[in-house]
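Hi,

Here is the structure for you to look over.

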Amino acid sequence: ITSAHNLLAALIDNHIYWGNDLGFDTRRVAWRRVMDMNDRALRSIVSSLGGVANGFPREDGFDITVASEVMAIFCLSTDLRDLTKRLGSVIVGYTRDRKPIHARDLKAEGPMTVLLKDALLPNLVQTLENNPAFIHGGPFANIAHGCNSVIATQTALKLADYVVTEAGFGADLGAEKFFDIKCRKTGLKPSAAVIVATIRALKMHGGIAKEDLGKENVEALKKGIANLARHVENVKGFGVPPVVAINRFSADTDAELQAVRQACAELHVEAIECNHWAEGSAGTETLA
(Lines give C-alpha, C1' and ligand atoms only; values in the text may rest on other atoms or scores of the structure.)
Protein backbone atom coordinates (compact mmCIF):
# COMPACT_ATOMS: atom_id res chain seq x y z
CA ILE A 1 0.00 0.00 0.00
CA THR A 2 2.78 2.41 0.95
CA SER A 3 4.72 1.77 -2.26
CA ALA A 4 1.68 2.15 -4.53
CA HIS A 5 0.62 5.35 -2.79
CA ASN A 6 4.07 6.92 -2.93
CA LEU A 7 4.54 5.86 -6.54
CA LEU A 8 1.62 8.12 -7.42
CA ALA A 9 3.13 10.94 -5.34
CA ALA A 10 6.43 10.55 -7.20
CA LEU A 11 4.67 10.56 -10.57
CA ILE A 12 2.95 13.83 -9.70
CA ASP A 13 6.20 15.61 -8.85
CA ASN A 14 7.96 14.06 -11.83
CA HIS A 15 5.18 15.25 -14.14
CA ILE A 16 5.45 18.79 -12.78
CA TYR A 17 9.25 18.69 -13.18
CA TRP A 18 9.07 17.63 -16.84
CA GLY A 19 6.79 20.41 -18.02
CA ASN A 20 3.48 20.00 -16.17
CA ASP A 21 1.39 19.32 -19.28
CA LEU A 22 -1.69 18.64 -17.14
CA GLY A 23 -1.41 22.07 -15.56
CA PHE A 24 -1.08 21.14 -11.88
CA ASP A 25 -1.49 24.10 -9.55
CA THR A 26 1.30 23.21 -7.12
CA ARG A 27 -0.65 24.95 -4.36
CA ARG A 28 -3.49 22.47 -4.85
CA VAL A 29 -1.80 19.08 -5.08
CA ALA A 30 -4.18 16.90 -3.06
CA TRP A 31 -2.07 13.73 -2.84
CA ARG A 32 0.24 13.59 0.18
CA ARG A 33 2.79 10.89 0.91
CA VAL A 34 2.43 8.07 3.46
CA MET A 35 4.58 5.98 5.77
CA ASP A 36 3.77 3.22 8.24
CA MET A 37 5.03 5.12 11.26
CA ASN A 38 3.69 7.86 13.52
CA ASP A 39 5.98 10.87 13.05
CA ARG A 40 4.33 14.22 13.72
CA ALA A 41 7.41 16.08 12.42
CA LEU A 42 6.51 14.92 8.90
CA ARG A 43 2.84 15.88 8.93
CA SER A 44 3.57 19.14 7.12
CA ILE A 45 6.78 19.60 5.14
CA VAL A 46 8.23 21.42 2.14
CA SER A 47 9.39 18.98 -0.54
CA SER A 48 11.71 19.23 -3.57
CA LEU A 49 14.28 21.43 -1.85
CA GLY A 50 17.94 21.35 -2.87
CA GLY A 51 18.11 23.09 -6.21
CA VAL A 52 16.88 22.88 -9.79
CA ALA A 53 17.56 19.15 -10.18
CA ASN A 54 15.13 18.29 -7.38
CA GLY A 55 12.03 19.91 -8.85
CA PHE A 56 9.76 22.71 -7.73
CA PRO A 57 9.48 23.24 -3.96
CA ARG A 58 5.94 22.99 -2.61
CA GLU A 59 4.06 22.25 0.58
CA ASP A 60 3.62 18.53 1.16
CA GLY A 61 3.24 16.11 4.05
CA PHE A 62 2.93 12.53 5.26
CA ASP A 63 -0.05 10.57 6.54
CA ILE A 64 0.04 7.12 8.11
CA THR A 65 -0.37 4.29 5.59
CA VAL A 66 -3.70 3.05 6.96
CA ALA A 67 -5.10 6.52 6.23
CA SER A 68 -4.19 6.19 2.54
CA GLU A 69 -7.01 6.31 0.03
CA VAL A 70 -5.24 3.40 -1.66
CA MET A 71 -5.93 1.30 1.44
CA ALA A 72 -9.65 2.10 1.32
CA ILE A 73 -9.81 1.40 -2.43
CA PHE A 74 -7.86 -1.83 -1.97
CA CYS A 75 -10.38 -3.09 0.60
CA LEU A 76 -13.43 -2.24 -1.52
CA SER A 77 -12.12 -3.72 -4.78
CA THR A 78 -13.56 -7.02 -5.99
CA ASP A 79 -10.78 -7.96 -8.44
CA LEU A 80 -7.75 -6.52 -10.27
CA ARG A 81 -9.86 -4.85 -12.96
CA ASP A 82 -12.03 -3.15 -10.34
CA LEU A 83 -8.92 -2.11 -8.39
CA THR A 84 -7.38 -0.52 -11.48
CA LYS A 85 -10.55 1.41 -12.27
CA ARG A 86 -10.90 2.71 -8.72
CA LEU A 87 -7.25 3.77 -8.53
CA GLY A 88 -7.58 5.68 -11.79
CA SER A 89 -10.53 7.66 -10.42
CA VAL A 90 -8.57 9.17 -7.53
CA ILE A 91 -8.36 12.98 -7.65
CA VAL A 92 -4.72 13.94 -7.08
CA GLY A 93 -4.84 17.69 -7.60
CA TYR A 94 -6.36 20.65 -9.41
CA THR A 95 -5.43 23.07 -12.16
CA ARG A 96 -5.29 26.83 -11.65
CA ASP A 97 -8.91 27.06 -12.79
CA ARG A 98 -9.71 24.33 -10.22
CA LYS A 99 -10.46 21.49 -12.60
CA PRO A 100 -9.69 18.08 -11.05
CA ILE A 101 -6.76 15.96 -12.21
CA HIS A 102 -7.10 12.19 -11.77
CA ALA A 103 -4.54 9.43 -11.33
CA ARG A 104 -5.56 8.05 -14.73
CA ASP A 105 -4.46 11.33 -16.33
CA LEU A 106 -0.94 10.40 -15.22
CA LYS A 107 -1.45 6.79 -16.38
CA ALA A 108 -0.64 5.79 -12.81
CA GLU A 109 -3.36 3.19 -12.21
CA GLY A 110 -1.58 0.39 -14.12
CA PRO A 111 1.78 0.61 -12.32
CA MET A 112 -0.02 0.98 -8.98
CA THR A 113 -2.04 -2.16 -9.66
CA VAL A 114 1.12 -4.10 -10.50
CA LEU A 115 2.52 -3.23 -7.07
CA LEU A 116 -0.72 -4.39 -5.42
CA LYS A 117 -1.50 -7.52 -7.45
CA ASP A 118 -0.01 -9.99 -4.96
CA ALA A 119 -1.22 -8.05 -1.93
CA LEU A 120 -4.79 -8.39 -3.24
CA LEU A 121 -4.70 -12.09 -2.36
CA PRO A 122 -6.11 -12.60 1.18
CA ASN A 123 -3.76 -13.74 3.95
CA LEU A 124 -4.95 -17.01 5.51
CA VAL A 125 -3.80 -17.42 9.10
CA GLN A 126 -4.96 -19.48 12.06
CA THR A 127 -5.81 -18.73 15.66
CA LEU A 128 -4.14 -20.37 18.66
CA GLU A 129 -6.97 -22.91 18.53
CA ASN A 130 -6.34 -23.65 14.83
CA ASN A 131 -9.38 -21.82 13.49
CA PRO A 132 -8.94 -20.21 10.05
CA ALA A 133 -8.99 -16.44 9.69
CA PHE A 134 -8.25 -13.86 7.01
CA ILE A 135 -6.19 -10.79 7.90
CA HIS A 136 -6.42 -8.55 4.88
CA GLY A 137 -6.45 -4.77 4.72
CA GLY A 138 -6.91 -2.13 7.37
CA PRO A 139 -8.38 1.27 6.46
CA PHE A 140 -8.80 3.68 9.39
CA ALA A 141 -12.43 3.83 10.53
CA ASN A 142 -12.22 7.48 11.56
CA ILE A 143 -11.50 8.61 7.99
CA ALA A 144 -12.21 5.53 5.83
CA HIS A 145 -14.66 2.65 6.33
CA GLY A 146 -12.78 0.59 8.93
CA CYS A 147 -13.44 -2.87 7.46
CA ASN A 148 -11.29 -5.64 6.07
CA SER A 149 -11.23 -6.38 2.35
CA VAL A 150 -14.31 -7.31 0.36
CA ILE A 151 -12.33 -10.14 -1.22
CA ALA A 152 -11.49 -11.66 2.18
CA THR A 153 -15.11 -11.54 3.34
CA GLN A 154 -16.49 -12.98 0.11
CA THR A 155 -13.85 -15.71 0.10
CA ALA A 156 -14.68 -16.63 3.70
CA LEU A 157 -18.38 -16.90 2.84
CA LYS A 158 -17.52 -19.49 0.20
CA LEU A 159 -15.41 -21.54 2.60
CA ALA A 160 -17.34 -21.53 5.89
CA ASP A 161 -20.86 -21.88 7.23
CA TYR A 162 -20.46 -18.87 9.52
CA VAL A 163 -18.31 -15.78 8.99
CA VAL A 164 -17.55 -13.15 11.64
CA THR A 165 -16.04 -9.86 10.50
CA GLU A 166 -15.10 -6.74 12.44
CA ALA A 167 -16.09 -3.14 11.75
CA GLY A 168 -13.82 -0.95 13.85
CA PHE A 169 -14.35 2.15 15.99
CA GLY A 170 -17.72 1.34 17.55
CA ALA A 171 -21.24 0.89 16.25
CA ASP A 172 -21.58 4.63 15.67
CA LEU A 173 -18.71 4.66 13.17
CA GLY A 174 -17.37 1.27 12.10
CA ALA A 175 -20.73 -0.51 11.98
CA GLU A 176 -22.50 2.34 10.20
CA LYS A 177 -19.77 2.51 7.58
CA PHE A 178 -19.88 -1.27 7.23
CA PHE A 179 -23.59 -1.09 6.46
CA ASP A 180 -23.52 2.14 4.44
CA ILE A 181 -20.41 1.46 2.36
CA LYS A 182 -19.19 -2.14 2.37
CA CYS A 183 -22.61 -3.81 2.34
CA ARG A 184 -24.03 -1.46 -0.28
CA LYS A 185 -21.00 -1.83 -2.54
CA THR A 186 -20.95 -5.63 -2.34
CA GLY A 187 -24.50 -6.74 -1.59
CA LEU A 188 -23.50 -8.30 1.74
CA LYS A 189 -26.43 -8.91 4.10
CA PRO A 190 -25.31 -9.69 7.67
CA SER A 191 -27.58 -11.91 9.73
CA ALA A 192 -26.69 -10.37 13.10
CA ALA A 193 -24.47 -7.78 14.76
CA VAL A 194 -22.43 -8.26 17.94
CA ILE A 195 -21.95 -5.08 19.97
CA VAL A 196 -18.98 -5.53 22.31
CA ALA A 197 -19.23 -3.60 25.58
CA THR A 198 -17.16 -3.42 28.74
CA ILE A 199 -18.35 -2.38 32.17
CA ARG A 200 -15.21 -0.25 32.56
CA ALA A 201 -16.06 1.78 29.46
CA LEU A 202 -19.69 2.20 30.48
CA LYS A 203 -18.65 3.46 33.92
CA MET A 204 -16.30 5.93 32.28
CA HIS A 205 -19.23 7.16 30.17
CA GLY A 206 -21.03 7.54 33.49
CA GLY A 207 -18.40 10.01 34.69
CA ILE A 208 -15.97 7.79 36.61
CA ALA A 209 -12.24 8.59 36.46
CA LYS A 210 -9.89 6.00 34.99
CA GLU A 211 -8.20 5.23 38.30
CA ASP A 212 -11.58 4.39 39.90
CA LEU A 213 -12.91 2.07 37.21
CA GLY A 214 -11.91 -1.04 39.17
CA LYS A 215 -14.32 -0.16 41.98
CA GLU A 216 -17.97 -1.22 41.90
CA ASN A 217 -20.26 1.68 40.97
CA VAL A 218 -23.65 0.55 39.69
CA GLU A 219 -25.11 4.07 39.60
CA ALA A 220 -22.36 5.39 37.32
CA LEU A 221 -22.71 2.26 35.20
CA LYS A 222 -26.43 2.90 34.73
CA LYS A 223 -25.69 6.44 33.56
CA GLY A 224 -23.12 5.18 31.08
CA ILE A 225 -25.46 2.55 29.68
CA ALA A 226 -27.12 5.37 27.72
CA ASN A 227 -24.12 5.13 25.40
CA LEU A 228 -24.68 1.40 24.86
CA ALA A 229 -28.38 2.02 24.28
CA ARG A 230 -27.59 4.40 21.43
CA HIS A 231 -25.29 1.83 19.81
CA VAL A 232 -28.10 -0.73 20.02
CA GLU A 233 -30.53 1.77 18.53
CA ASN A 234 -28.12 2.55 15.69
CA VAL A 235 -27.70 -1.10 14.74
CA LYS A 236 -31.43 -1.81 14.92
CA GLY A 237 -31.96 1.07 12.51
CA PHE A 238 -30.29 -1.01 9.81
CA GLY A 239 -32.71 -3.89 10.30
CA VAL A 240 -30.05 -6.19 11.75
CA PRO A 241 -30.73 -7.92 15.09
CA PRO A 242 -28.04 -7.01 17.66
CA VAL A 243 -26.68 -8.97 20.60
CA VAL A 244 -24.48 -7.43 23.30
CA ALA A 245 -21.26 -9.22 24.26
CA ILE A 246 -20.03 -8.13 27.69
CA ASN A 247 -16.25 -8.45 27.63
CA ARG A 248 -15.85 -9.16 31.34
CA PHE A 249 -12.84 -7.88 33.27
CA SER A 250 -11.65 -9.53 36.48
CA ALA A 251 -12.73 -6.48 38.55
CA ASP A 252 -16.32 -6.50 37.24
CA THR A 253 -18.84 -7.47 39.89
CA ASP A 254 -21.97 -9.59 39.61
CA ALA A 255 -24.12 -6.58 40.51
CA GLU A 256 -22.65 -4.60 37.62
CA LEU A 257 -23.16 -7.48 35.20
CA GLN A 258 -26.76 -7.79 36.30
CA ALA A 259 -27.30 -4.06 35.75
CA VAL A 260 -26.13 -4.37 32.14
CA ARG A 261 -28.28 -7.45 31.57
CA GLN A 262 -31.32 -5.68 32.98
CA ALA A 263 -30.75 -2.59 30.84
CA CYS A 264 -30.33 -4.73 27.72
CA ALA A 265 -33.50 -6.66 28.53
CA GLU A 266 -35.36 -3.34 28.59
CA LEU A 267 -33.87 -2.64 25.15
CA HIS A 268 -35.10 -6.07 24.00
CA VAL A 269 -31.61 -7.37 23.27
CA GLU A 270 -29.71 -10.20 24.92
CA ALA A 271 -26.51 -9.46 26.85
CA ILE A 272 -24.04 -12.33 27.18
CA GLU A 273 -21.00 -12.47 29.42
CA CYS A 274 -17.79 -13.35 27.55
CA ASN A 275 -14.48 -14.48 29.03
CA HIS A 276 -12.55 -15.28 25.86
CA TRP A 277 -9.54 -13.25 27.00
CA ALA A 278 -8.97 -15.90 29.68
CA GLU A 279 -10.68 -19.02 28.33
CA GLY A 280 -10.30 -18.70 24.57
CA SER A 281 -13.24 -19.81 22.45
CA ALA A 282 -14.75 -21.65 25.43
CA GLY A 283 -15.42 -18.22 26.93
CA THR A 284 -17.67 -17.26 24.02
CA GLU A 285 -19.58 -20.50 23.40
CA THR A 286 -22.78 -19.02 24.81
CA LEU A 287 -22.43 -15.99 22.54
CA ALA A 288 -21.87 -18.22 19.51
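Let me start with a question: is Arg248 buried or exposed? Arg248 counts as buried, because its relative accessibility is 16% (buried means under 20% relative accessible area, exposed over 50% and partly exposed in between, with a 1.4 Å probe and protein chains only).

Before the rest, some housekeeping. This is a predicted model, in which local features need pLDDT of at least 70 and side-chain atom pairs count only at pLDDT 80 or more, while totals for chains, interfaces and linings use all residues. Residues are numbered from 1 along each chain as its sequence is written, and side-chain values use heavy atoms, with hydrogens and water left out.

Salt bridges

Back to Arg248: its side chain meets that of Glu273 in a salt bridge, at 3.2 Å from N to O (the term stands for a side-chain nitrogen of Lys or Arg within 4 Å of a carboxyl oxygen of Asp or Glu). This pair links distant parts of the chain, with Arg248 in the loop between E11 and helix H9 (254–266) and Glu273 in strand E12 (residues 271–274), 25 residues apart. (Helices, H or I with at least four residues, and strands, E with at least two, are DSSP runs numbered from the N terminus.) Glu273 counts as partly exposed, at 25% relative accessibility.

The whole structure has 16 salt bridges. Another one to look at joins the side chains of Asp13 and Arg33, at 2.8 Å from N to O. Asp13 sits in helix H1 (residues 2–17) and Arg33 in strand E2 (residues 33–35), so you can see a link between distant parts of the chain, 20 residues apart. Both Asp13 and Arg33 are buried.

Then there is Asp63 with Arg32, whose side chains meet in a salt bridge of 3.2 Å, N to O. Asp63 lies in strand E5 (residues 62–64) and Arg32 in the loop between strand E1 (24–29) and E2, so this pair ties together parts that are 31 residues apart in sequence. Asp63 is partly exposed, with a relative accessible area of 32%, and so is Arg32, with 26%.

Aromatic pairs

What about the rings? The structure holds three aromatic pairs (rings of Phe, Tyr and Trp, the last by its six-membered ring, pair if their centres lie within 6.5 Å; planes under 30 degrees apart count as stacked, over 60 as edge-to-face and the rest as tilted). Tyr17 and Trp18 make an edge-to-face pair, because their ring centres are 5.0 Å apart and their planes are at 85 degrees. Tyr17 is partly exposed, at 30% relative accessible area, whereas Trp18 counts as exposed, at 64%.

The rings of Phe179 and Phe238 are stacked, because their centres are 4.6 Å apart and their planes are at 25 degrees. Phe179 lies in helix H6 (residues 171–186) and Phe238 in the loop between helix H8 (218–236) and strand E11 (242–247), so the pair ties together parts 59 residues apart in sequence. Phe179 is buried, with a relative accessible area of 10%, while Phe238 counts as partly exposed, at 32%. Ring pairs also bring in Phe178, giving a cluster of Phe178, Phe179 and Phe238.

A proline in a helix

Last, have a look at Pro111, which is found in helix H4 (residues 109–116). Pro111 is partly exposed, with a relative accessible area of 37%.

Cheers
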